[in-house]
Amino acid sequence: MKWKQQIYSMKAYQPGKPIDEVQREFGLEEVVKLASNENPFGSSPKVAEFLKATNTNYAIYPDGYAQNLRTAVAKHLGVEETELIFGNGSDDLIAIITRALLYPGVNTVMADPSFSQYWHNADIEGAEVRKVPTVNGRHDLPAMLAQIDEQTSVVWICSPNNPTGTLVTDEELQQFLAQVPAHVLVVLDEAYIEYITDPAHKDTLPYFRQYDNVILLRTFSKAYGLAAFRVGYGIAQADIIAKLDAVRGPFNNTVLSQEVAAIALQDQAFIEQCRVANEKGKAQYVAFCERHNLNYYPTQTNFILFEVKVDSNVIFQEMMKRGFIIRSGAALGAPGYIRVTIGTEEQNAKFLALLEEVLQEQGVLV
């Protein structure tokens, strides 16, 4: 078979272990997953009410244009319907962008560490990947700008960044966008935007109108608690959307996913409750790190990446044995660190108590 040569050296995306698998492996009755940055509070009660009452005909294809959801999101954001594209999660939109704009002979620029799907999809398309190391977990935009040339097609900015949780400031972004050549598409991935509480943060929505080479990516998987339904969306000027839409697969959102996303969007009170609870949970982790002199990245997300001063794969395994699934930084480009989803107050307290025991056993804490 005539496989693309680059596929031979690639591996599939490795998500956090499923709860059922961990329960079976370690004989546990209860397992808490704090690995994939899902909302520990679930989704809006309005979604549950809808699902109980729905009478959907599953034999009919969904609306490929996602008209009802499109109208709801456009109204919520104050944008035109033609300025939106919907995907089967943000991952689908990343794949659409790379398929449309990346190929052998062009290059793409991104931070490192950042979300792995940027370079994974670029590798599949045969484009050159240019990774620019972060500085204290933050995008080094001047260094990224220096990597851009005539063959650059896409630049990826993940803000807040996954896995570090750090934010690109408005001043940094404005200076960067003003200097990026018009032939380069700038992708501003904002999967965690609903969790931002930094008072200095400014609304990024005007960027796509101010600069005609910008697309914003957002999702219903995180704060909205709809990861199982896989709904992401992009916001850009209509001519960019039209070109990307030609690459999008037909019917890439299900009937139910379109309906529940539109319903979840109506319940902004739920989002605010989750944001407040997340801030309280974040404080639990920050206090733990500061008490034990463990470095951590200031996060504007629902996860935190912090130092464990020992092999992070060991901590990953030891915490899994105790009923908590997290991510080892070794798998995320941050060895010696762990990334933990901020859970409920009770989950956080239990996790940190067990982690303290593990770190004591490993000789980190005395």
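**Figure 1. Helix α11 in the predicted model, residues 268-291.** At 1.5 Å a residue, the 24 residues of helix α11 should span 34 Å, and the C-alpha atoms at its ends are 35 Å apart, which agrees. This view, like the others, comes from a predicted model. The buried residues of α11 are Phe 270, Ile 271, Cys 274, Asn 278, Gly 281, Lys 282, Tyr 285, Val 286, Phe 288 and Cys 289. Among the elements that cover these buried residues are α2 (45-53), β9 (303-307), β12 (337-341) and α13 (345-361). After α11 comes Asn 293, with a positive phi near 55 degrees.

**Figure 2. Arg 275, a residue of helix α11.** Arg 275 counts as partly exposed because its relative accessibility is 21%, and buried means under 20%. Apart from neighbours within four places in sequence, Arg 275 is in contact with Glu 194, Tyr 195, Ile 196 and Thr 197. Leu 217 is 58 residues from Arg 275 along the chain, and the C-alpha atoms of the two are separated by 20 Å.

**Figure 3. Packing of helix α12 (residues 312-321) and α13.** The axes of α12 and α13 are 10 Å apart and form an angle of about 125 degrees. That angle makes α12 oblique to α13. The crossing of α12 and α13 is right-handed. On the α12 side, the contact is made by Ile 315, Glu 318 and Met 319; on the α13 side, by Phe 351, Leu 354, Leu 355, Val 358 and Leu 359. Of the residues in this contact of α12 with α13, 7 are nonpolar, 1 is charged and none is polar.

Figure 4. Most peptide bonds are trans. Pro 113 sits in the loop between β3 (107-112) and α5 (117-125).

**Figure 5. Positive phi at Ala 66 and Lys 309.** Most residues other than glycine have a negative phi. Ala 66, in the loop between α2 and α3 (67-77), has a positive phi near 50 degrees. With a relative accessibility of 3%, Ala 66 counts as buried. Lys 309 is not a glycine either, and its phi is positive, about 60 degrees. Lys 309 is placed in the loop between β9 and α12 and is partly exposed, at 44% relative accessible area.

Key:
Residues are numbered from 1 along each chain as its sequence is written. This is a predicted model: local features need pLDDT of at least 70, side-chain atom pairs count only at pLDDT 80 or more; totals for chains, interfaces and linings use all residues. Side-chain values use heavy atoms; hydrogens and water are left out. Helices (H or I, at least four residues) and strands (E, at least two) are DSSP runs, numbered from the N terminus. The expected span of a helix is 1.5 Å times one less than its number of residues. Buried means under 20% relative accessible area, exposed over 50%, partly exposed in between (1.4 Å probe, protein chains only). Contact means heavy atoms within 4.5 Å. Axes are lines fitted to C-alpha atoms, for helices over the stretch in contact, and angles run from 0 to 180 degrees between N-to-C directions. Angles under 35 degrees count as roughly parallel, over 145 as roughly antiparallel, 65 to 115 as roughly perpendicular and the rest as oblique. A crossing is left-handed if the near helix is turned anticlockwise from the far one by less than a right angle, and right-handed if clockwise. Ala, Val, Leu, Ile, Met, Phe, Trp, Tyr, Cys and Pro count as nonpolar, Asp, Glu, Lys and Arg as charged, and the others, Gly among them, as polar.
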